[in-house]
Amino acid sequence: MTYLSEGVLSHGLRVAVRPMSPADRAELQAGFQQLSEYTKYRRFMCSKPRLTSADARLLFDCEGLAVVLVWPRTSCDDVVLGIAHAIPVPGQPGTAEFCVVVADEIQGRGAGHLLTDALVQQARLEGIEYLTGYMFASNRAPARLLASAGEVVEDRIEAGAREMKVKLS
């Protein structure tokens, strides 16, 4: 298996980041069911008890970039722990929407940074110049991750929602 990067989370778990593959789809859909309602709500900005077929198409069949954070295993398949996407924004060449989600058990331990760094590296190679992100204004973690990707050129908060745009550095 070829990994884009490897790292150690703050509690000692060794992890790696690799491009998402079609084989990850079933595990990611099952992993969604393991996320807390709170994490799902913060990620999708609405109640999301299950992934619809439209959600699955957007997440797994889009033309964008996707990387997964895994616990690499030698005796069996990698265990997927998180995912980050850069989905092209229609009508805005060179711009993609950024989204990330990691398993509840590893939130706040550096997983999001590893995913974001790898996604940004791949985005640059694909000619993406800007990442946008939409999140609750109170959800600071994705805002910090997005800001770490480059220069914040737009940051607007309205009605409890935050929209950011970052020029990749």
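Helices (H or I, at least four residues) and strands (E, at least two) are DSSP runs, numbered from the N terminus. The model on screen is predicted: local features need pLDDT of at least 70, side-chain atom pairs count only at pLDDT 80 or more, and totals for chains, interfaces and linings use all residues. Residue numbers start from 1 along each chain as its sequence is written, and side-chain values use heavy atoms, with hydrogens and water left out.

**Stop 1: the sheet.** Select the strands. Eight of them form an open sheet, ordered E1-E2-E3-E4-E5-E6-E8-E7, with mixed pairing. Two strands pair if DSSP finds at least two bridges between them. The edges are E1 (5-8) and E7 (150-158), each pairing on one side only. On average, neighbouring strands are turned by 25° against each other, direction ignored. Axes here are lines fitted to C-alpha atoms, for helices over the stretch in contact, and angles run from 0 to 180 degrees between N-to-C directions.

**Stop 2: along the strands.** Begin at E1 and E2. They run antiparallel, joined by four bridges. Val8 stands opposite Arg14 in E2. The two strands form a hairpin with five residues between them. Click Gly12 in the turn: its phi is positive, about 100°. Next, E2 and E3 are antiparallel too, with four bridges. Find Arg18 opposite Val68 in E3. Then show E4 (residues 79-88) and E5 (residues 95-102), an antiparallel pair with seven bridges. Ala86 faces Phe98 in E5 as its opposite residue.

**Stop 3: helix H4.** Select residues 111-125. H4 lies across E1, E2 (14-19), E3 (65-71), E4, E5, E6 (130-136) and E8 (161-168). Its direction is at about 145° to E3. Contact means heavy atoms within 4.5 Å.

**Stop 4: the pockets.** On a 1 Å grid over the protein atoms alone, a pocket is an open set of points where a 1.4 Å probe fits, with protein on both sides within 12 Å along at least five of seven lines; lining residues have an atom within 4 Å of a point. Grid points are joined across faces, edges and corners, and a volume is the space filled by probe spheres set on the points.

The largest pocket holds about 770 Å³. Its lining has 33 residues; Arg43, Val100, Val101, Asn139 and Pro142 lie nearest its centre. E5 gives the largest share, six residues.

Now select Leu28, Gly31, Phe32, Leu35 and Val101. These lie nearest the centre of the second largest pocket, which is lined by 23 residues. Its space is about 400 Å³.
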